[in-house]
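Here is a short briefing to read with the model open beside you. Take the topics in any order you like.

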Amino acid sequence: MISEPDVGDRIPAFATKDYEGIELESEDLIGSPFVLYFYPKDDTPGCTLEACSFRDSMDMFDDLETTVIGVSPDDAASHAKFIQKHGLNFTLLCDEKMSLAKKFGAVREKDVDGKKTLGILRSTFVIDSAGIIRWLERPVNVEGHSERVLKAVERLVK
């Protein structure tokens, strides 16, 4: 069993592709703070509310020189459609095998119609410029989520 990263831990190393097929490695993000949030599925009500909340707060994240990155098991085509439909102004990473989510402890066993299946546990990490987790919310309550994340980033950078 892989231990779940917690506040004060360095992020696990990873490499995955964004919705445009561009490879992103954890080391590429070191040097400035960033938000990494895991969500279950593109264009579902809770995930859309969460993504649009980040979209609407992006000017404030930009002012704090903080990147926001969403991660779900959806493929690149789904992400591209989701971004276009809702005018999202941040990148989405493809994690079709949930390997990145597993590294961050954002996968849980769920019971769907009597069958056990793995799914995403909505989780958000605020990570400092050295790659250390400084704040996390797991599981995430979508209501007011981006505001809580923004406050955590403000405390980190000010």
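Predicted model: local features only at pLDDT ≥ 70, side-chain atom pairs only at ≥ 80, totals over all residues.

- You will find Arg-122 in the loop that runs between strand E7 (115–120) and E8.
- The side chain of Arg-122 makes a polar contact of 2.7 Å with the side chain of Glu-50.
- Leaving aside residues up to four places away in sequence, Arg-122 touches a list of residues that includes Phe-38, Tyr-39, Pro-40, Gly-46, Cys-47 and Glu-50.
- That list of Arg-122 contacts also includes Glu-137, Arg-138, Pro-139, Val-140 and Val-142.

**Helix H2**

- Helix H2 covers residues 45–63, and its 19 residues should span 27 Å at 1.5 Å a residue; the end C-alpha atoms are 28 Å apart, which agrees.
- At Ser-57, H2 bends by about 55 degrees.
- Ser-57 is also one of the buried residues of H2, and among the others are Cys-47, Glu-50, Phe-54, Met-58 and Phe-61.
- Which elements do the buried residues of H2 pack against? They meet strand E3 (34–38), strand E4 (67–72), helix H3 (76–86), strand E8 (123–127) and helix H5 (145–157).
- Just after H2 comes Glu-65, with a positive phi of about 50 degrees.

**Aromatic rings**

- The model has 10 aromatic pairs, counting rings whose centres lie within 6.5 Å.
- One of them joins Phe-14 and Phe-104: the ring centres are 6.2 Å apart and the planes meet at 70 degrees, so this pair is edge-to-face.
- Phe-14 sits in the segment before strand E1 (15–18), while Phe-104 is in the loop between helix H4 (99–103) and strand E6 (107–112), so the pair ties together parts that are 90 residues apart in sequence.
- Both Phe-14 and Phe-104 are buried.
- Elsewhere, ring pairs join Tyr-37, Tyr-39, Phe-54, Phe-61, Phe-82 and Phe-90 into a cluster.

**Val-157**

- Val-157 belongs to helix H5.
- Buried or partly exposed? Val-157 has 34% relative accessibility, so it counts as partly exposed.
- Val-157 and Thr-66 are 91 residues apart along the chain, yet their C-alpha atoms are separated by 9.1 Å.
- Thr-66 is also one of the residues Val-157 touches, along with Pro-33 and Leu-64, when residues up to four places away in sequence are not counted.

Conventions:
Residues numbered from 1 in each chain as written. Heavy atoms only, no water. Phe/Tyr/Trp six-rings, centres within 6.5 Å; stacked < 30°, edge-to-face > 60°. Helix = DSSP H or I, 4+ residues; strand = E, 2+ residues; numbered from the N terminus. Buried < 20%, exposed > 50% of the residue type's maximum accessible area, 1.4 Å probe, protein only. Expected span 1.5 Å × (residues − 1). Bend = angle between axes of the 7 residues up to and from the residue. Contact = heavy atoms within 4.5 Å. Polar contact = N/O pair within 3.5 Å; in protein donor to acceptor, adjacent residues only side chain to side chain.
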